[in-house]
Amino acid sequence: MSGSGIRFDGVTVAYDGTVVLDALDLVVEPGEVMALLGPSGSGKTTALRAAAGFVRPASGRVFLGDRDVTALPPHRRGIGMVVQQYALFPHMRVEDNVAFGLRARKVPRAEARERVAEALEMTGMGAYARRHPRELSGGQQQRVAIARALAIRPDVLLLDEPLSALDAQLRSGMLAELARLHRELPDVSILYVTHDQGEALTLADRIAVMDRARLKTCGTPQELYRAPADAFTASFVGNANLLPVTVGARGVTLAGAEIEVDTGGVAPGAPATLCVRPHLVGLGEGPNRLTGTVREIQWRGTTHRLYVEVDGHRVMADLRELKDPPVPGDPVDLHFAAEDAVLLPAGVDHG
Ligand SMILES: Nc1ncnc2c1ncn2[C@@H]1O[C@H](COP(=O)(O)OP(=O)(O)OP(=O)(O)O)[C@@H](O)[C@H]1O
Ligand SMILES: [Mg+2]
């Protein structure tokens, strides 16, 4: 199994004249895990289907390594795919489900048996080969779906929200399993669709953010978290306070207060959005002080989440070890370090 990577080169997909994937340019390097993150309907599944060959682009090309596979049918692309609603064949035993892609590819029986055993072993399902899907839990069924995708020894694995049907605890267990699986198959490129930013941040080498048929941005989790390019990305990758500010010569004005931040290339007088992560907001006096009124407070296990109204804007603060938490209606001061704020050029472009 040698790595090949995926390249989308201006891939456009339209249904009945409506463009649902708009000139996607994206490269997944050999062995890389790329998360495709974005709201419902933004085109994530469509991108995967275009890579797998289940939908024909109106224009653009798909490459696996240096092979142009745009015109190839799905079974000749060397891609394993786990679809959004994992679809095991209910009347087939686990082993036959996993062997399915091998039969279609006419892999000789003895070799197929070996590969099925290997794929089930890798997903921790070796002991369940003779069972039917109805005799498995949701998480186990999901492992079988992954085993089925692995059995063909793909260069590229496409996973479409593989954990969305599982409860939170099972999901974090499976997430660790997927990370382990990837360590065992370091050459396999993975394109992983999710709504869940936690999954994307945990698993991905890079995250591609989709919005309304377009690729909005692509970068490492750290890049997108620390220095998002726009308000949409900031709010989609982690929690964010997005505050409308006016740019001055040395900083910005927020709710009447002067804040010294790096204004980068934003011109004085221009409207802009200041992004501050809730866990970087402190309670009490400090630099860049904001005065407001507590509207709500939530206990979240390791932190208190405070919602504070500051000059008509809602500011979130995640506070650890709060000895004497304020109550709704209390006046409070908030502060943050200038270097923890990022100035984004546009206004808030998404709710
Ligand atoms: N077969 C189809 N015929 C017509 N429109 C389609 C078809 N498949 C998808 N669409 C439309 O294309 C757009 C993108 O769909 P897609 O399934 O790629 O979204 P998604 O990002 O995967 O969303 P979700 O997170 O809900 O799965 C949607 O508006 C959807 O209604
Ligand atoms: Mg989808």
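Among contacts in the protein chain between residues at least 6 apart in sequence, what percentage join residues at least 24 apart? The figure is 67%, where contact means heavy atoms within 4.5 Å.

This is a predicted model, in which local features need pLDDT of at least 70 and side-chain atom pairs count only at pLDDT 80 or more, while totals for chains, interfaces and linings use all residues. Residues are numbered from 1 along each chain as its sequence is written, chains are lettered from A and ligands numbered from 1 in the order in which they are written, and side-chain values use heavy atoms, with hydrogens and water left out.

**The whole chain**

The protein chain has 8 helices and 20 strands. These are DSSP runs, numbered from the N terminus: helices are H or I with at least four residues, strands are E with at least two. The C-alpha trace spans about 75 × 45 × 35 Å along its principal axes. Of the 351 residues, 49% count as buried. Buried means under 20% relative accessible area, exposed means over 50%, and partly exposed lies in between (1.4 Å probe, protein chains only).

**Helix 4**

Helix 4 covers residues 138-151. From its first C-alpha to its last it reaches 20 Å, close to the 20 Å expected at 1.5 Å a residue. The expected span is 1.5 Å times one less than the number of residues. Of its 14 residues, 12 are buried. Among them are Val-144, Ala-145 and Ile-146. Arg-153 follows helix 4 and has a positive phi, near 50 degrees.

The buried residues of helix 4 pack against these elements:

| Element | Residues |
|---|---|
| Strand 6 | 79-82 |
| Helix 2 | 94-104 |
| Helix 3 | 109-122 |
| Strand 7 | 156-160 |
| Helix 5 | 168-184 |

**Helix 4 against helix 5**

Two packed helices are described by the angle between their axes and the distance between the axes. For helix 4 and helix 5, the angle is about 20 degrees and the axes are 11 Å apart. Helix 4 is therefore roughly parallel to helix 5, a label for angles under 35 degrees. Gly-139, Gln-142, Arg-143, Ile-146 and Leu-150 in helix 4 meet Leu-170, Met-174, Glu-177, Leu-178 and Leu-181 in helix 5. By class, this contact has 6 nonpolar, 2 polar and 2 charged residues.

**Leu-280**

Leu-280 sits in the loop between strand 14 (271-276) and strand 15 (282-283). Its relative accessibility is 28%, so Leu-280 counts as partly exposed. Leaving aside neighbours within four places in sequence, Leu-280 is in contact with His-335, Phe-336 and Asp-340. Leu-280 and Asp-340 are 60 residues apart in sequence, and 6.8 Å apart in space, C-alpha to C-alpha.

Notes: Axes are lines fitted to C-alpha atoms, for helices over the stretch in contact, and angles run from 0 to 180 degrees between N-to-C directions. Angles under 35 degrees count as roughly parallel, over 145 as roughly antiparallel, 65 to 115 as roughly perpendicular and the rest as oblique. Ala, Val, Leu, Ile, Met, Phe, Trp, Tyr, Cys and Pro count as nonpolar, Asp, Glu, Lys and Arg as charged, and the others, Gly among them, as polar.
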